[in-house]
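Subject: Structure handover

Hello,

Here is the structure for you to look over. My notes on it follow below.

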Amino acid sequence: RLNLTYHDLRVTMDDQRPQVVLGRSKSVDIPVAEALASRQHVRLECRRGKFFIIDQSTNGTYVLNGNAEAFLRREEMPISGSGKISLGRSFAENPEEVVHFASDS
């Protein structure tokens with residue numbers, strides 16, 4: 001399972017909920033109030049027990065896992081453990097609208 005937290009909203013991904021969409025739109029699973037975010041900015045998927053983050057945005061997605069920051073634009077990568085996701089804004093800019101993730105494993 002992967003737990004996603006944004007302010008007071010918490011969403012758990014698992015076999016029953018294998019996909020979650022983050023973005024600026026009110027119709028996504030986790031609406032993020034970030035001016036640089038696309039309406040449907042990023043998708044997280046569970047495939048064969050592993051979690052992947054797939055950027056589908058204009059400004060890209062920053063993933064902080066430990067001390068390593070990864071930047072994705074129109075690409076995907078596996079995520080595990082715990083970390084933070086920022087839509088369109090680098091962690092060097094101290095973004096306020098951050099989604100936290102943590103896997104149960």
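This is a predicted model: local features need pLDDT of at least 70, side-chain atom pairs count only at pLDDT 80 or more; totals for chains, interfaces and linings use all residues.

Strands β6 (residues 50-55) and β9 run antiparallel, joined by four bridges.

Now the side chains. Searching the whole structure turns up one aromatic pair. The pair is Y62 with F71, and it is tilted: 4.7 Å centre to centre, with 40° between the planes. Y62 has 15% relative accessibility; buried means under 20%, so Y62 counts as buried. F71 is partly exposed, at a relative accessible area of 36%.

There is also a charge over a ring. The charged end of R47 sits over the ring of F52, 4.4 Å from its centre.

Overall fold: the protein chain has eleven strands and zero helices. Its radius of gyration is 12 Å, close to the 13 Å from the globule rule for 105 residues, so the chain is as compact as a globular protein of that length. Along the principal axes, the C-alpha atoms fill a box of roughly 30 × 30 × 25 Å.

Burial and surface: 47% of the 105 residues are buried. The chain exposes about 5,800 Å², and carbon and sulfur atoms supply 43% of that area. Of the contacts between residues at least 6 apart in sequence, 37% join residues at least 24 apart.

Best wishes

Key
Residues are numbered from 1 along each chain as its sequence is written. Side-chain values use heavy atoms; hydrogens and water are left out. Two strands pair if DSSP finds at least two bridges between them. Helices (H or I, at least four residues) and strands (E, at least two) are DSSP runs, numbered from the N terminus. Rings of Phe, Tyr and Trp (its six-membered ring) pair if their centres lie within 6.5 Å; planes under 30 degrees apart count as stacked, over 60 as edge-to-face and the rest as tilted. Buried means under 20% relative accessible area, exposed over 50%, partly exposed in between (1.4 Å probe, protein chains only). A charge sits over a ring if NZ of Lys or CZ of Arg is within 6 Å of the ring centre and within 35 degrees of the ring normal. The radius of gyration is taken over C-alpha atoms; the globule rule is 2.2 Å times the number of residues to the power 0.38. Contact means heavy atoms within 4.5 Å. Accessible areas come from the Shrake-Rupley method with a 1.4 Å probe; for residues, only the protein chains shown count as cover.
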